[in-house]
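Trainee: I should like to work through the packing in this structure. May we begin once it is displayed?
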Amino acid sequence: MVEVRSLTKTFRVHKKEPGFWGAIRGLFRRRYETVEAVRNISFDIEPGEFVGFLGPNGAGKTTTLKMLAGLLYPTSGTARVLGYVPWERPDGYRRQFALLLGQKNQLWWDLPARESFALNAAIYGLERRVWERRVRELAERLGVQDKLDVVVRELSLGERMKLELVAVLLHQPRVLFLDEPTLGLDVVSQKTVRDFLREYNRTAGTTLLLTSHDMADIEELCARVIIIDHGSIIFDGPLAEVVERYADFKWLTIRCDPDGPLPAPADLTPWGEPVEIGPALVRLRVRRDQVIPACKALLDRLPVRDLDIREVPVEEVIRNLFTRRTPSPPPPTA
Ligand SMILES: Nc1ncnc2c1ncn2[C@@H]1O[C@H](COP(=O)(O)OP(=O)(O)OP(=O)(O)O)[C@@H](O)[C@H]1O
């Protein structure tokens, strides 16, 4: 469904010199620098997959989606989506994919959403009866059936995003690229959008590639994740494997007898890093290879009532992964 090979995108950006004289000098002698937004990435997505595309700010996610949507030409490399090269903008492709950018509006600001839908439907050559039925069904599933005739600028962010979703699904795309669809939404709207996307993927079999900074989106929707950092893919596989591969620690929680003696933090540090010491509770970050010896030692030393070993939450694993990585060196030039 999606086939990406050695895709690279560099931007040449004008570097402004600081200060007034710097600005004047810049008028006569412009300095440029190269930003490597996407470096030599390759991946495949099978029909019907729901893949999460993760990375810190500026990692290259939106640039990749824009290339796959045909909005940007790559500097080098190839990609095929549904067999089409996206940036050749073939008509057959435009009819079968959609891109939703959470930070951009597609709906006309000064018109009710229904009128934008009518325009989209005309562009895609959909019969009135067909697109009106689709709008009805989708709006009902997203709970915005009473918002179709309200001017878009008067809608809340959540209502607008749900109607943006209706707009991109009107022509029933086989591939959908979603860039931050839940950005800024309240928890109830986030859940509605997530439930909708999960159900849509299941029933329509649409292939989805989703970027989000909200790990709950990724955990709830995507069995597979592609992680990109500084333009390069650093992981591609099941979400569960991210924790296995990158979490060096586990959380060990011990509940103690409230009447028994509680240890001082210094007594615990040989076994792990104390995260929390409360009344009758001790939580430690313990190195994976130290979990069993730590359990044995603490069972001997503390008045233990209950013991719980957990994986570190995936959100923390990914945050640590990004903060400890330094930029990798640029790829060799040909
Ligand atoms: N049109 C452009 N011109 C110059 N540089 C750009 C352009 N678009 C993106 N970049 C740069 O390319 C890099 C990747 O940007 P991109 O928007 O793809 O990141 P992202 O992973 O989507 O980040 P975020 O999570 O913040 O949306 C950044 O350094 C950005 O400044």
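Trainee: Against which strand and helices do the buried residues of H6 pack?

Mentor: The model is a predicted one. In it, H6 is mostly covered, with 11 of its 13 residues buried; among them are Met-161, Leu-165 and Leu-169. These buried residues pack against strand E5 (97–101), helix H4 (113–123), helix H5 (128–142) and helix H7 (187–204).

Trainee: How far apart are the end C-alpha atoms of H6?

Mentor: Helix H6 covers residues 157–169, and at 1.5 Å a residue its 13 residues should span 18 Å. The value in the model agrees with that expectation: the end C-alpha atoms are 18 Å apart.

Trainee: Which residues make the contact between H5 and H6?

Mentor: The axes of H5 and H6 are 10 Å apart, and the two helices pack at an angle of about 150°. Their crossing is right-handed. The contact is formed by Val-135, Leu-138, Ala-139 and Leu-142 from H5, together with Lys-162, Leu-165, Val-166 and Leu-169 from H6. By class, this contact has 1 charged, no polar and 7 nonpolar residues.

Trainee: Which strands stand at the edges of the open sheet?

Mentor: The sheet has 6 strands with mixed pairing, in the order E5-E6-E7-E3-E8-E9. An edge strand has a single partner, so one side of it is left without a neighbour in the sheet; this holds for E5 and E9 (232–238).

Trainee: Which residue of E6 does Leu-100 stand opposite?

Mentor: E5 and E6 (residues 175–179) run parallel and are joined by 5 bridges. Opposite Leu-100 in this pairing stands Leu-178.

Note on methods:
Residues numbered from 1 in each chain as written. Predicted model: local features only at pLDDT ≥ 70, side-chain atom pairs only at ≥ 80, totals over all residues. Helix = DSSP H or I, 4+ residues; strand = E, 2+ residues; numbered from the N terminus. Expected span 1.5 Å × (residues − 1). Buried ≥ 20, exposed ≤ 12 C-beta atoms within 10 Å, placed from the backbone. Contact = placed C-beta atoms within 7 Å. Axes fitted to C-alpha atoms, helices over the stretch in contact; angles between N-to-C directions. Left-handed = near helix turned anticlockwise from the far one by under 90°. Nonpolar A, V, L, I, M, F, W, Y, C, P; charged D, E, K, R; others polar. Pairing = 2+ DSSP bridges.
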